[in-house]
Structure formats: C-alpha cells, structure tokens
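Look over the sequence and the model first, then read on.

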Amino acid sequence: MEKVGQKEVKFGADVVKVNSGKLKQWRALLITEEYVFNLDGKSRKEKRSAKIADIESLKMSPFADNFLLISFKGDKDSKHDLCVICAQKIEAVNILRTRF
C-alpha cells in the first residue's frame, strides 16, 4: 500500500480467491481510496493491486454463495479478473461504487 501512497483502508476482509482453474486460496481483500489490493491470507504480502479507476465491471452472485467478480480494464496482458468469496460482498461493492 505504501508503494502507491495509500494510507486509509476503506474496506478489508478475509476472502477466498477462486482462480481460473477453480483453485481456492485464502486471501485478504483491501480497498483504499484509489486501489484494490489482493493480499496473501497468511503473510498479508501484496499479491496484486489495481486502480479502482481501472474497474470495468462488478458482478455479484444472486445466490447466497457470496461470489463477487471484479473485472479490470486492460489490454491482453494486463486485463484480469478477481473472483472472491466474500461474506461482506455488498459492503465491498458499495465502497467501490462510491469510488468509480
């Protein structure tokens, strides 16, 4: 967070990240004023970060499974999605909606 000058956390939660191979991994999701951070669940080291301004879409599962998909803009090499299982998915989406 300090590398990109972010100090205030607007939202934070322990989540389960689901990758494209359907492998589940424990992670922490942090949302600051300008960035979304994907942190390792144990060490809390940054795995990936992206600007909130680069969010292309947010999708929530209509079911009680707590899936949240954040799609980021970019070209073929930089475009990515973050799929997480988050018990506070509505709170996360509300924070993100006020930022972009």
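Which residues does H80 touch, not counting residues up to four places away in sequence? H80 touches R48, A50, I70, S71 and F72, where contact means heavy atoms within 4.5 Å. This is a predicted model, in which local features need pLDDT of at least 70, side-chain atom pairs count only at pLDDT 80 or more, and totals for chains, interfaces and linings use all residues. Residues are numbered from 1 along each chain as its sequence is written, and side-chain values use heavy atoms, with hydrogens and water left out.

**H80 and its strand**
- H80 sits in strand β7. Strands (E, at least two residues) and helices (H or I, at least four) are DSSP runs, numbered from the N terminus.
- H80 counts as buried, at 15% relative accessibility. Buried means under 20% relative accessible area, exposed means over 50%, and partly exposed lies in between (1.4 Å probe, protein chains only).

**The nonpolar cores**
- A nonpolar core is a set of buried Ala, Val, Leu, Ile, Met, Phe, Trp, Tyr and Cys residues joined through side-chain atoms within 4.5 Å.
- The largest core has 18 residues. Those that touch the most other members are F11, V36, I55, I70, F72, L82 and L96.
- At least two residues of this core come from each of β1 (9-18), β2 (24-32), β6 (67-72), β7 (80-85) and α1 (89-99).
- A second, separate core has five residues, among them A28, L30, F37 and L39.
- L82 has contacts with K17, L29, V36, N38, L68, L69, I70 and F72, leaving out residues up to four places away in sequence.

**The helix α1**
- The buried residues in α1 are K89, A92, V93 and L96. They lie on the same side of α1, because they cover an arc of only 95 degrees around the axis. That arc is taken from the directions from the helix axis to the C-beta atoms.
- Cover for the buried residues of α1 includes β1, β2, β3, β5 (55-60) and β6.

**Positive phi in two loops**
- Most residues other than glycine have a negative phi.
- K22 is not a glycine, yet has a positive phi of about 65 degrees. K22 lies in the loop between β1 and β2. K22 is exposed, with a relative accessible area of 70%.
- R44 also is a residue other than glycine, with a positive phi near 65 degrees. R44 is placed in the loop between β3 (35-40) and β4 (46-51). At 41% relative accessibility, R44 is partly exposed.

- K24 belongs to strand β2. K24 is exposed, with a relative accessible area of 56%.
- Neighbours within four places in sequence aside, K24 is in contact with V16, K17, V18 and I85.
- K24 and I85 are 61 residues apart along the chain. Their C-alpha atoms are separated by 9.3 Å.

**Cysteines**
- How many disulfides does the structure hold? The count is zero. A disulfide is a pair of cysteine sulfur atoms within 2.5 Å.
- The closest cysteine sulfur to that of C83 is in C86, 11 Å away, so the two are too far apart for a bond.
- C86 is buried, with a relative accessible area of 0%.
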